[in-house]
Each structure stands twice: as structure tokens, then as C-alpha cells.
Amino acid sequence: MKREIDHVKSLYPRALFVGVADGAKSNWDFLGPHIDEQVLDFYHASQYLARAASVICRHEEEREQWLEEQCHSLKHKHHAAQRILRELEQATTTKMKPDQNKELQECITYFGNHLHQMRYARYLEKGIPIGSGVTEAACKTLVKQRLCCSGMRWTPEGAQIVLSLRALALTESRWEQFWQKINQYGVPVLT
């Protein structure tokens with residue numbers, strides 16, 4: 001993966017490289033040295049808000065309204081994550097059960113740890129994606145369905161060849177472009 005990232009960066013040295021991932025530390029440890037901008041997947045953040053809503057709001061209607069307002073604000077308003085974090089920190093916990101209080105504290109910790117990756121209004125203004133769903137779906141369609149069948153074993157080189165061909169075949173117009181290049185330039189001879 002590092003080799004692929006380095007290759008793409010060499011092709012597009014002036015591009016903005018963005019990492020979009022959930023809150024797992026291992027994702028950011030890997031992505032950190034390779035990217036210019038870190039984006040916490042919006043839908044993971046909204047799941048934490050849903051968990052907080054379930055303990056802050058007593059009634060279903062209130063819960064749904066609060067969650068909708070917070071998600072809209074988080075996505076479209078500058079500094080919304082900081083405001084939401086303050087609101088969560090100030091939530092009344094006196095009538096909460098211990099498991100509810102734990103749920104709220106986990107949300108507070110999550111927001112506190114990832115504030116710098118939750119500038120969604122800014123990202124949207126710059127055309128930066130805020131969700132990893134498209135990439136995750138592509139991984140399932142492109143990689144998992146082909147390489148992870150029962151009993152399969154792959155060398156890195158073999159997997160790379162199969163995935164390159166699969167990417168060409170599954171991407172509209174790329175298969176034809178590939179064959180046009182082959183017809184124009186021929187096939188390189190491997191020594």
C-alpha cells in the first residue's frame with residue numbers, strides 16, 4: 001500500500017492528499033505520514049451522536065429532533081464539533097444510569113480525540129469527501145469478492161495483477177482505454 005501511495009504521489013506531486021477513516025488509531029498511524037488532511041468519517045461521528053442522543057434525550061421525538069439538528073450542524077456549520085462537545089460535556093448526568101453515563105463519556109472522548117478531523121463544513125466547501133463509504137464499498141466489490149474466496153492464497157504480485165485487471169474491467173470506459181494503449185504502444189517485454 002505504501003508503494004502504491006508513493007507512486008500516486010509521484011504522479012501528482014501538487015495534489016491534496018486526504019485520508020478519510022473512522023476513529024481507529026491504527027488508521028491514522030498508517031495514513032498520517034502520507035496525507036495532507038485528515039477527515040474523520042462523518043457517518044462514524046454521527047453514530048456517536050446517535051448514541052449520545054439515546055442517553056441525553058428521554059423521548060423518541062426529542063431524541064430524533066436533537067440528533068437531526070446536531071448532525072446537520074456538524075456537517076454544515078463551522079466549529080460545530082467544538083460546540084457539540086461542550087454541550088455533551090455539560091449534559092446533566094445526575095439521573096443517568098452508570099451504563100448511560102459510560103455511553104455519554106465514550107462520545108465525549110471520541111469527539112475530544114477527533115475534533116481536528118471534524119471540520120466538515122470546511123471540507124465540503126473545499127470539495128473534500130467526508131465519508132469513507134464509497135471506498136469501503138469499492139474494497140468489498142473490487143478486492144474482497146475476488147481475493148477472499150475460500151482457500152485462496154495470493155502473492156503480492158499475483159494479487160496486484162488480478163486487482164489491476166479487475167479495476168479496469170469494473171470501471172466504465174477504462175477497459176477500452178487499456179486496450180487502446182496496448183494497441184498504440186504494444187506490450188512491454190519482461191526480462
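Helices (H or I, at least four residues) and strands (E, at least two) are DSSP runs, numbered from the N terminus. By that numbering, R58 sits in the loop between helix 3 (42–56) and helix 4. The structure is a predicted model, in which local features need pLDDT of at least 70, side-chain atom pairs count only at pLDDT 80 or more, and totals for chains, interfaces and linings use all residues. Residues are numbered from 1 along each chain as its sequence is written, and side-chain values use heavy atoms, with hydrogens and water left out.

- R58 counts as exposed, because its relative accessibility is 58% (buried means under 20% relative accessible area, exposed over 50%, partly exposed in between, with a 1.4 Å probe and protein chains only).
- Leaving aside neighbours within four places in sequence, R58 is in contact (heavy atoms within 4.5 Å) with R63 and K95.
- R58 and D41 are 17 residues apart along the chain, and their C-alpha atoms are separated by 27 Å.
- Q70 is placed in helix 4 (residues 60–76) and counts as buried, because its relative accessibility is 5%.
- With neighbours within four places in sequence left aside, the contacts of Q70 are L49, R83, I84 and E87.

**Helix 9 and helix 10**

- The axes of helix 9 (residues 156–170) and helix 10 (residues 174–185) come within 6 Å and cross at roughly 115 degrees. Axes are lines fitted to C-alpha atoms, for helices over the stretch in contact, and angles run from 0 to 180 degrees between N-to-C directions.
- L165, L168 and A169 in helix 9 meet R174, W175 and F178 in helix 10.
- The residues of this contact of helix 9 with helix 10 divide into five nonpolar, no polar and one charged (Ala, Val, Leu, Ile, Met, Phe, Trp, Tyr, Cys and Pro count as nonpolar, Asp, Glu, Lys and Arg as charged, and the others, Gly among them, as polar).

**Nonpolar surface patch**

- I161, L165, W175 and W179 make a nonpolar surface patch of about 390 Å². Patches are made of residues with over 30% relative accessible area and no salt bridge, with like charges joined within 9 Å and nonpolar side chains (Val, Leu, Ile, Met, Phe, Trp, Tyr) within 5 Å. Accessible areas come from the Shrake-Rupley method with a 1.4 Å probe; for residues, only the protein chains shown count as cover.
- Helix 9 and helix 10 each supply at least two residues of the nonpolar patch.
- W179 lies in helix 10 and, at 38% relative accessibility, counts as partly exposed.

**Salt bridges**

- The count comes to nine salt bridges (a side-chain nitrogen of Lys or Arg within 4 Å of a carboxyl oxygen of Asp or Glu).
- K2 forms a salt bridge with D6, with the closest N and O atoms 2.8 Å apart. K2 and D6 are separated by about one helical turn because they are four residues apart in helix 1 (residues 2–11). K2 is partly exposed at 48% relative accessible area, and D6 is partly exposed at 36%.
- E37 and R122 meet through their side chains in a salt bridge (3.1 Å, N to O). This pair links distant parts of the chain, with E37 in strand 2 (residues 37–40) and R122 in helix 7 (residues 120–125), 85 residues apart. E37 is buried at 7% relative accessible area, whereas R122 counts as partly exposed at 24% relative accessibility.
- E106 forms a salt bridge with K102, the closest N and O atoms being 3.2 Å apart. E106 counts as partly exposed at 29% relative accessibility, and K102 is exposed at 53% relative accessible area.
- Salt bridges that share partners join R51, K102, E103 and E106 into one network.
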